[in-house]
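Hi everyone, thanks for coming. Have a look at the model on the screen, and then I'll walk you through some of its parts.

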Amino acid sequence: MRDVLPELMAWWEAGETVGVATVVATFRSAPRPAGASMLVGPDATAVGSVSGGCVEGAVYEQASTVVGSGEPVLERYGVSDDDAFAVGLTCGGILDVYVEKVSRETFPELGEVAADVEAGRPVALATVIEHPDAGVRGRRVVVRPGEGLAGSLGSPRMDDAVHDDALGLLASGSNATLTYGPDGERRGEGMRVFVWGFAPKPRMLVFGAIDFAAAVARVGSFLGYHVTVCDARPVFATASRFPDADEVVVDWPHRYLAAEVEAGRIDPRTVLAVLTHDPKFDVPLLEVALRLDVAYVGAMGSRRTHDDRLARLREVGLTAAEIDRLSSPIGLDLGARTPEETAISIAAEIVAGRWGGSGERLATTSGRIHGEE
């Protein structure tokens with residue numbers, strides 16, 4: 001919806017009614033991701049895309065029908081390889097598309113949601129797209145970090161389940177369809193809720209273009225981070241060596257980080273993995289990193305390297321409190337040996353830090369598994 005929000009708001013503010021079709025799930029080689037939207041405006045114009053042109057004709061007709069009836073529809077557009085050209089998705093992918101009627105009457109919260117998006121404030125929108133009770137379909141709630149739920153899906157159980165999960169998606173900047181029982185039972189089926197997480201992906205900065213960095217970039221991308229690999233050596237810092245990174249930067253790590261701070265592209269969700277384990281890179285970089293308000297700073301190295309690093313950081317003037325923010329040696333103790341195993345130990349430490357986990361085996365602990373928000 002983000003891509004078409006300006007046009008949607010223009011019609012909404014003018015008191016017009018719009019048909020909004022949104023991709024809520026994809027399977028196989030789908031051309032557009034979940035969250036992609038297409039509008040059918042009051043003047044019959046179409047804005048946006050749900051499939052890059054493959055099924056837009058059918059979706060357009062569906063949206064026009066929904067505007068007239070007022071009843072939301074969840075439609076699956078999927079084809080086999082044999083009839084792909086006849087139906088439209090030549091790639092063989094499958095799309096679930098939710099179509100709804102949007103106006104000031106049906107979606108009064110849209111103005112406040114759009115204001116949050118425009119201001120860069122994180123906000124999630126959760127909509128019931130499938131439910132055995134037709135009266136529940138189309139209900140929506142707005143989720144904001146640190147605030148109670150705005151609206152209700154129909155019961156406290158439904159609201160609690162969706163609230164917790166929507167916050168998780170919002171933290172990763174992801175969109176997803178969630179499945180519950182009709183009353184929000186986590187192990188049930190019957191209710192599907194689509195969540196738009198209107199937040200930029202959190203950033204993962206990986207310093208040091210080594211094999212471990214490729215594995216960390218891979219798991220970082222899997223976790224929903226926008227991954228940047230940075231190294232001062234152009235022969236190693238290449239896109240071909242880090243295909244899972246969103247960007248590969250050739251620059252001195254401390255200089256690059258300082259520039260990103262200056263540009264306002266570092267926020268409290270940002271995580272930094274310093275894998276260079278070379279004092280000429282590590283120390284000036286950590287001197288910048290440990291004074292930032294970020295979620296995580298970890299540095300790779302042996303116990304001896306760690307001790308030497310701490311001494312050097314004290315020499316350059318970092319306080320004990322600043323140095324205590326450093327996770328070094330990086331990662332949890334999983335007994336990891338390979339780059340992939342090490343990447344998982346680093347990711348586990350980052351996840352534990354995000355949600356307040358102890359890193360201990362759940363089998364040896366008691367109480368609630370998912371911590372309080």
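**A walk through the helices and sheets**

Helices here are DSSP runs of H or I with at least four residues, strands are runs of E with at least two, and both are numbered from the N terminus. Before we go on, please keep in mind that this is a predicted model, where local features need pLDDT of at least 70 and side-chain atom pairs count only at pLDDT 80 or more, while totals for chains, interfaces and linings use all residues. Residues are numbered from 1 along each chain as its sequence is written, and side-chain values use heavy atoms, without hydrogens and water.

Back to our pair. The axes of helix 7 and helix 8 come within 8 Å of each other and cross at roughly 20° (axes are lines fitted to C-alpha atoms, for helices over the stretch in contact, and angles run from 0 to 180 degrees between N-to-C directions). Helix 7 and helix 8 are therefore roughly parallel to each other (under 35 degrees; over 145 is roughly antiparallel, 65 to 115 roughly perpendicular, and the rest oblique). Who touches whom here? On the helix 7 side we find Pro253, His254, Leu257 and Ala258, and on the helix 8 side Phe281, Pro284, Leu285, Val288 and Ala289 (contact means heavy atoms within 4.5 Å). Sorted by class, this contact of helix 7 with helix 8 has eight nonpolar residues, one polar and no charged (Ala, Val, Leu, Ile, Met, Phe, Trp, Tyr, Cys and Pro are nonpolar, Asp, Glu, Lys and Arg charged, and the others, Gly among them, polar).

Helix 8, residues 279-289, also packs with helix 9, residues 303-315, at an angle of about 50° and with axes 10 Å apart. That angle makes helix 8 oblique to helix 9, and their crossing is right-handed. Here Pro279, Asp282, Val283, Leu286 and Glu287 of helix 8 meet Arg309, Arg312 and Leu313 of helix 9. The class count for this contact of helix 8 with helix 9 is four nonpolar, no polar and four charged.

Now, which sheet does helix 7 pack on? Let me build it up. Six strands form an open sheet, in the order 12-11-10-13-14-15, and the pairing is parallel (two strands pair if DSSP finds at least two bridges between them). Strand 12 (247-250) and strand 15 (326-327) stand at the edges with a single partner strand each, so one side of each has no neighbour in the sheet. Strand 11, residues 226-231, runs parallel to strand 12 and is joined to it by four bridges. Within that pair, Val229 is opposite Val248 of strand 12. Helix 7 (residues 253-262) packs on this sheet, where it touches strand 10 (203-207), strand 11, strand 12 and strand 13 (271-274), and its direction makes about 160° with that of strand 10.

Next, helix 6 (residues 211-222) and helix 11 (residues 339-355): they pack at an angle of about 50°, with axes 8 Å apart. That makes helix 6 oblique to helix 11. Their crossing is right-handed. Among the residues in the contact are Phe212, Val216 and Val219 of helix 6 and Ile346 of helix 11. In this contact of helix 6 with helix 11, eight residues are nonpolar, one is polar and three are charged.

Please also look at the loop between strand 15 and helix 11, where Pro329 sits. The peptide bond from Ser328 to Pro329 is cis, with omega near -5°.

Five bridges link strand 8 with strand 9 (residues 191-198) in the antiparallel sense, and Tyr180 has Met191 of strand 9 as its bridge partner.

Methods:
Left-handed = near helix turned anticlockwise from the far one by under 90°.
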